[in-house]
Amino acid sequence: LEMLSGSDIDINHELRVSGLANVAAGLLGGMVGFHSLSFSSLALKLGARHRAIGVIAAITAGAALLLGVQHVGLLPRVLIGGLLLYLGFSFLAKWLIASWGKLPRGEYLVIPLILVVIAAAGFIEGLIAGLLAALIQFVLNYSRTPVIRYALSGENARSTVERGLEDERCLSEAGERVYILKLRGYLFFGTAAQLSSRLRVRAEDRSKAQLEFVLLDFEQVNGIDSSAAYEFNRMRLMANQGDFVLVFSGLKGELEHQLHAGDVLPEDQRIRVFVDLDRGLEWCENQLLENLQDCRDRVPATALQHLSRLFSDPGAADQFLGYLSVMEFGEGDELIKQGEPARDLYFLEEGDVSVYLRPATGELVRIRRTGPGTVLGELGFYLSTPRTASVIADGPGRAYRLTADALDRMEHSHPALAAALHRFMADLLAERLLRTTHTLEAVLG
């Protein structure tokens, strides 16, 4: 009706008026009224653009009621038949002929199907046939919709846990052993089949390192039906045969319940479940560092050890330590406070700390965890801006603190030491930026 009239129609208003009119007609013994596409189309094509057409129709019906229906027979049959033929052929021309070039072929074939079934069996049967055909097309088309938003490996996707440089490089070398699939949309048999096929291709790809962990993130999945559980059980069999672990993350209540009902869960040695993608990635990284021989035997170098390698003079490391002060901290101690001036940076030697943001709501939100061998507070320190986040100790530990005054003294008294420090910080920031760029390329590619 909106397309025919070329105007916006208030459907709620139309339905309210029709409902009130039916109530009144029922109280007075009249017939039920309803919206008619054919009659409305005829009125619009005849040029009727005013509500008076409804009043005239009501008066005509009232006159037939009062004077008798025999007067309707005075109308020429050819006129009534012509109107019916005009309406019928106009709809056939619009849907059967004009829509040929406007609709996809699959959708267009539903129209002659409905027409044939109506002619052969009846209107209701044709309506049901059209609905079933449209439903089948929807299922087929939706099953072709990509359910995987992006696929990444551990090389270009990392958890928010900041590790020492040696651990970071070890994880980069072993990154292909982790396969991350970010899922979206609704999962049923058709879309889940895409997922298992993609996983099978990766598991059988001998040009890449053997899989150890496959992380499936459900954060953007809005639903899952029972038929998808079959495909996830197939993936579980693949994990047993391929000797890798399936890691599920971001499962909401109903999603987790559906997987439990399909016997995909509970957890065992081949299935792990985490609340979000970051914690799932953190667990995979910890398992890699623990299980891989090269990573396990490698003694992580601290930030100070990395700096000492940059000094051409072996005694320069001792000179550098002279500019640092040792800071012992306990669990819950706040090393850096959001909003305060950045007058120092820290080289973390022992213990773990977490980085928190305090948004307008006032509640702390953890955005990163970091361990020994990392540097804290470098951005605010070099940019001379207030701290953008707070750093709170997860347990006891120790850090070396370099103040802005100590750096000024170093630049005047030992410029080579200061240059080595700046070079180290530039390498550190460039490596982080490169890792972020690789992640974006993998997601956008």
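Buried means under 20% relative accessible area, exposed means over 50%, and partly exposed lies in between (1.4 Å probe, protein chains only). The model is predicted: local features need pLDDT of at least 70, side-chain atom pairs count only at pLDDT 80 or more, and totals for chains, interfaces and linings use all residues. Residues are numbered from 1 along each chain as its sequence is written, and side-chain values use heavy atoms, with hydrogens and water left out.

**View A. Two non-glycine residues with positive phi.** Serine 384 is not a glycine, yet its phi is positive, about 55°. The residue lies in the loop between α16 (378–383) and β13 (390–393); helices (H or I, at least four residues) and strands (E, at least two) are DSSP runs, numbered from the N terminus. Serine 384 counts as exposed because its relative accessibility is 64%. Aspartate 263 also has a positive phi, near 60°. Aspartate 263 is placed in the loop between α11 and β6, and with a relative accessible area of 57% it is exposed. Most residues other than glycine have a negative phi.

View B. Ile118, Phe123, Ile124, Leu127, Ile128, Leu131, Leu132, Leu135, Phe138 and Val139 make a nonpolar surface patch of about 970 Å². Patches are made of residues with over 30% relative accessible area and no salt bridge; like charges are joined within 9 Å, and nonpolar side chains (Val, Leu, Ile, Met, Phe, Trp, Tyr) within 5 Å. Accessible areas come from the Shrake-Rupley method with a 1.4 Å probe, and for residues only the protein chains shown count as cover. Helix α7 (residues 123–143) gives the largest share of the patch, 9 residues. Phenylalanine 123 is placed in helix α7. Is phenylalanine 123 buried or exposed? Phenylalanine 123 counts as exposed, because its relative accessibility is 55%.

**View C. A patch of negative charge.** On the surface, Glu2, Asp8, Asp10 and Glu14 gather in a patch of negative charge. Asp and Glu count as negative and Lys and Arg as positive, while His and the chain ends are not counted. The place of a charge is taken as CG of Asp, CD of Glu, NZ of Lys or CZ of Arg. Aspartate 10 sits in the loop between α1 (2–5) and α2 (11–27). Its relative accessible area of 45% makes aspartate 10 partly exposed.

**View D. The salt bridge of aspartate 243 and arginine 270.** The whole structure holds 13 salt bridges, each a side-chain nitrogen of Lys or Arg within 4 Å of a carboxyl oxygen of Asp or Glu. In one of them, aspartate 243 pairs with arginine 270, and the closest N and O atoms are 2.5 Å apart. The pair links distant parts of the chain, 27 residues apart: aspartate 243 is in the loop between α10 (228–242) and β5 (245–249), and arginine 270 is in the loop between α11 (253–261) and β6 (271–274). Aspartate 243 is partly exposed at 44% relative accessibility, whereas arginine 270 is buried at 15%.

**View E. The salt bridge of arginine 401 and aspartate 344.** Arginine 401 and aspartate 344 form a salt bridge with their closest N and O atoms 2.7 Å apart. Arginine 401 lies in strand β14 (residues 397–403) and aspartate 344 in strand β9 (residues 344–350), so the pair ties together parts that are 57 residues apart in sequence. Arginine 401 counts as partly exposed at 29% relative accessibility, while aspartate 344 is buried, with a relative accessible area of 9%. Elsewhere, salt bridges with shared partners join Lys182, Asp217 and Glu219 into one network.

View F. A salt bridge joins the side chains of arginine 279 and aspartate 276 (2.7 Å, N to O). Arginine 279 is partly exposed at 38% relative accessibility, and aspartate 276 is partly exposed at 25%. Valine 275 is in the loop between β6 and α12 (277–291); its relative accessible area is 60%, so valine 275 is exposed. The C-alpha atoms of valine 275 and leucine 183 are separated by 15 Å, and the two residues are 92 residues apart along the chain.

**View G. Strand β11 and its partners.** Strand β11 (residues 365–370) runs parallel to strand β2 (residues 161–162), with 2 bridges joining them. Two strands pair if DSSP finds at least two bridges between them. Threonine 370 in β11 stands opposite glutamate 162. Strand β10 (residues 353–357) pairs with β11 in the antiparallel sense over 5 bridges. Valine 365 in β11 is the bridge partner of leucine 357.
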